[in-house]
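My notes follow, in the order I took them.

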Amino acid sequence: MYSIALDTSAGTTVALLQDDDVLAELNFDENMTHAERIGQALSEVLTKAAIRPAQIDRVVVGMGPGPFTGLRVGLAAAKFFALGANAELVGVCSLDAIALNFYEQNQTAGALLVVTDARRKEVFWAAYSGLSSGIPIRVVGPSVTKEENIKDFIDVDSHQRTEILVTAAALGKIAFSETSTELGANYDVSPIYLREPDAVPGKGKRVSS
Amino acid sequence: MLIREATEKDLSGIMALEQECFSNDAWSEDVMNSELIASHTFYVVVLEDEKIIGYAGLSKLPGSNQADIQTIATSPSVRGKGYGRALMNALTAKAKELSATEIFLEVRADNTTAQKLYEMFGFTRIGIRKNYYQPDNVDAFVMKTSINTKEPIVLGIESSCDETGIGIVRGNQLLANVISSSMEQHAIFGGVVPEVAARAHLEALTPVLDEALNKANIALDDIDAIAVTNGPGLAGALMVGISAAKALSVATGKPIYAVNHLVGHVAADILANGEVATPTIALLVSGGHTSLLLVRDLLNDVQLLGETIDDAAGEAFDKVARVLGLPYPGGPQIDRVAKDGNPSAIRFPRGLSLPKDMAEHRYDFSFSGLKTAVARHVEVLEDRGEEVNLPDVAASFREAVVDVLVSKAINACKENGVPRLLLGGGVTANARLREVAAKRCLEEGIELRIPPFDLCTDNGAMIAVLGAQLIMSGAAPSNLSFGANSTLQVTKVQS
C-alpha cells in the first residue's frame, strides 16, 4: 500500500510511504509558506519515490491542532489530492506524530507530554502513556490552555518532554499501524481547532458626541 | 417541429415507432424503458402536432471520452424532411456538452440513406461487424466522428471571500457553476469574519466539487486544466482554494493557472454574452471591492482607474443596515426598506465628488463618511426623541451610493471614449443600482452589460472561463509555487 502523508500544523511536511516504509520525505520548518510549498512538495516526493499519483492508495493528513491558517492548507490539499488520485483519506492527530517520533528514539520511555505553540500565550498539548502496536497511546488531550495550567490536568513532573517536531512520515506510519488494529484508520477527517473563531458580535457605537 | 428530451411518459409513443421502423429486430419495451431512465443516456423525441414522429438516443459514461449513438428513428411517412438531421444535431450537441471527443455508431450496411446522414455529420467508416443484424444476417458498419477539442475544459476554484465557488467551463461555454456561501454564519457579526469564512471553505470544498462535476456530468479525468483565484481577497480564505487546487493539479497531472479575481469578474461577461466586448469600463462592486476598471483587452490590457479608499460599497450597506437596526447582509434589507422611501428626502454626502476631491480622486470612491452621516442623522433624531423615517433614510442612503457609483462609471466611459459599461460583483443585485445604471446609460448612449447574478457574485465559473481564455491564448501554466496575494494588482491577470 502506498500512502502520501502531509501535515501543515507547524511547518510543511510531506512523505511518501510503502506500508510503514518511508520512500521519500520533505520537511520545511518555517511556518508562513504552507500554501506556497504544498504543491511542489507533493510533486517532489512522488518524483523522488518514482510513484505516480494514481498508485497512491491512501492520503494521511495531520488534523492538528495547530495555527488555523496553516493547518487548513494541509487539510484542503489532502482532500483534493485524495479525490484527484482516487485514494482514501484518513486523519491523524498531529501531536501523535510527535509522540511516535519521540518513542522511536526513546523506546523504553513511559509518560510523555507533547506541547506545541498555540500563540496568544497558550499551548496545544497532549499526554501519552507509551506505545502500543506502533501507536502512541494518548491519555489526555489534545487540549489548548496556558502552559502553567497543564498541571491542573496531569502530573507534569512525571512526564518527559520533547522538542521533536511533527513529521508526515510519522503520521503515515501511525495510520498504517492503525489499519491493523481493531480501531482501524480514522476516516472522520476534520481539523482539530480547539478554539472558536476569534470574533465577537459587533455593537454599534455612537458617531456623534 | 418540436424537439425535446424524452421522458418515461414517451415510452408508448416511442415503442409504436420502434416496431414500425425495426419490426424484425425492434427493442423490447423493457429495454427501451431502461434506456430512457438510465443516467448515462440522453434521448430526444421530435413531435409534430404532439405526436412523436422520431426519436434518438445517445449514451455517454462519465469518465469516458466516447459517446455512442444508440438508435435513431423517424416515421416512414415523414422521411426526407430534415427530422433525422434535427435529431442528429441534438445528439451531437449533447455529446459535445458531455465532453465526448468521439462519437460512435453502428448502421445497417444496406441502409445507405442513414449512412449519408451520418457522413453529413462527419462520421466515417472504421470497421465492419459481420452479420450484426439478426435475423436478417446483415452486416453493420461501425462509424465514428471526432469532436473538435480545441476548447479546453477548465475547472475554476474561487475562495477569496465568503463564497466557495467551483465552476466548470468548456472554452466559453458554462457547464457548471456551484456556489456555497457562508453568509449566514457571518450574520451575527455584521460582516465577514475571515476565520469563519476560511473554516467554511474547507468544509464546502468537497461537496461543492462533487456537485459541480455532477452538474457538468463529467469526471475529473475529463478536465484539461485547473484555474484558481490567488488574489485579491482574504489571505486565509484564498489559501484554502489555492492548496486544494494545487493538490488536485498534482494528483491529476492537469496544469494549474493562478488567476486574478477582479479580472475574473470581467471575464464573467463571456459566459453571459459570449465575449467581453472591448473596450469596456467595468464597475465591480461587492462587500470586498469597489473598483472601476478600463478594459481594452481582457488578458493584456486591464487598467485600474480607481477604487474605494475606505469601505467597499457592500460593506457600507452592511454598516448602515446595522445603524438602522436591519439584519445582515445589509444590501437586500436596505433595498427592501427603501422601496417605500423618498430617495431625495435627505441629501447625504456623495463621497469624493466635490471638485477638490475630483482632482485627485476622479474615479475613486469613499463610503465611510456617508456611513457616519447616516449614523449621525439617526442619532440626532433619536436624541431629540423624534421618529426616524426608516424608508426615507434607507432610500436616501442607497441613492447616495448608487449616484456616486453610476456617475463615476459614466464619467469613466465618456472621458475614455468607451461606449460600454460592465457591472460585476454581488452589489449588482441591488435593484436601484441596476435601475439607475440602465437609465443613465440609455441617456448617454452607453451599452450596459450585467451578467446574471450567479455570474456577478463571487463564483468559480468566472475563474474557470478566465483560465480557459489564458489557455486558448497559449499561456503557459503557473508555477506551483504561487501563494495567496491579498492585494494582487489588477494588471496581473495570471500569477
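This is a predicted model: local features need pLDDT of at least 70, side-chain atom pairs count only at pLDDT 80 or more; totals for chains, interfaces and linings use all residues.

**Helix against helix in chain A**

I started with a helix pair in chain A: helix α3 (residues 94-105) and helix α4 (residues 168-179) pack at an angle of about 95°, their axes 8 Å apart. Angles of 65 to 115 degrees count as roughly perpendicular, so α3(A) is roughly perpendicular to α4(A).

Next I listed who makes the contact. From α3(A) I got D96(A), A97(A), L100(A) and N101(A), and from α4(A) A170(A), L171(A), K173(A) and I174(A). Sorted by class, the residues of the contact of α3(A) with α4(A) are five nonpolar, one polar and two charged.

**Where chain A meets chain B**

Then I turned to the contact between the chains. It takes 31 residues from chain A and 38 residues from chain B. On the side of chain A that touches chain B, α1 (34-49) and α2 (68-85) each supply at least two residues. The largest share of that side comes from α2(A), with 13 residues.

What does α2(A) pack against in chain B? I found helix α7 (residues 235-252) of chain B, at an angle of about 30° and with the axes 7 Å apart. Angles under 35 degrees count as roughly parallel, so α2(A) is roughly parallel to α7(B). The crossing of α2(A) past α7(B) is right-handed.

I noted part of the residue list for this pair. On the α2(A) side it includes T69(A), R72(A), V73(A), A77(A), K79(A) and F81(A). On the α7(B) side, M239(B), V240(B), K246(B), L248(B) and T252(B) are among them. By class, the contact of α2(A) with α7(B) has 14 nonpolar, five polar and three charged residues.

A77(A) and F81(A) had already turned up in my α2(A) list.

I followed up L293(B). Setting aside neighbours within four places in sequence, L293(B) is in contact with V266(B), I281(B), A282(B), L284(B), V302(B), Q303(B), L304(B), L305(B) and V490(B).

**Chain B as a whole**

For chain B I counted 16 helices and 17 strands. Along the principal axes, its C-alpha atoms fill a box of roughly 95 × 50 × 45 Å. Chain B has 495 residues, and 50% of them count as buried. Of the chain B contacts between residues at least 6 apart in sequence, 70% join residues at least 24 apart.

**A stop at A86(B)**

I picked A86(B), which lies in helix α3 (residues 83-97) of chain B. Is A86(B) buried or partly exposed? It takes 20 or more other C-beta atoms within 10 Å to be buried, and 12 or fewer to be exposed; A86(B) has 17, so it is partly exposed. The C-alpha atoms of A86(B) and L2(B) are separated by 9.8 Å, although the two are 84 residues apart along the chain. Leaving out neighbours within four places in sequence, A86(B) is in contact with M1(B), I3(B) and V46(B).

Most residues other than glycine have a negative phi, and most peptide bonds are trans. I went looking for exceptions.

- The peptide bond from G141(A) to P142(A) is cis, with omega near 5°. P142(A) sits in strand β8 (residues 135-145) of chain A.
- The bond from Y328(B) to P329(B) is cis too, with omega near -5°. I placed P329(B) in the loop between α9 (313-323) and α10 (330-338) of chain B.
- K121(A) is not a glycine, yet it has a positive phi of about 60°. K121(A) is in the loop between β6 (112-117) and β7 (123-132) of chain A, and counts as exposed because it has 9 C-beta neighbours inside 10 Å.
- S99(B), also not a glycine, has a positive phi of about 70°. S99(B) lies in the loop between α3 and β5 (102-108) of chain B, and counts as buried because it has 26 C-beta neighbours inside 10 Å.

Key: Residues are numbered from 1 along each chain as its sequence is written. Chains are lettered from A and ligands numbered from 1 in the order in which they are written. Two residues are in contact if their C-beta atoms, placed from the backbone, lie within 7 Å. Helices (H or I, at least four residues) and strands (E, at least two) are DSSP runs, numbered from the N terminus. Axes are lines fitted to C-alpha atoms, for helices over the stretch in contact, and angles run from 0 to 180 degrees between N-to-C directions. Angles under 35 degrees count as roughly parallel, over 145 as roughly antiparallel, 65 to 115 as roughly perpendicular and the rest as oblique. A crossing is left-handed if the near helix is turned anticlockwise from the far one by less than a right angle, and right-handed if clockwise. Ala, Val, Leu, Ile, Met, Phe, Trp, Tyr, Cys and Pro count as nonpolar, Asp, Glu, Lys and Arg as charged, and the others, Gly among them, as polar.
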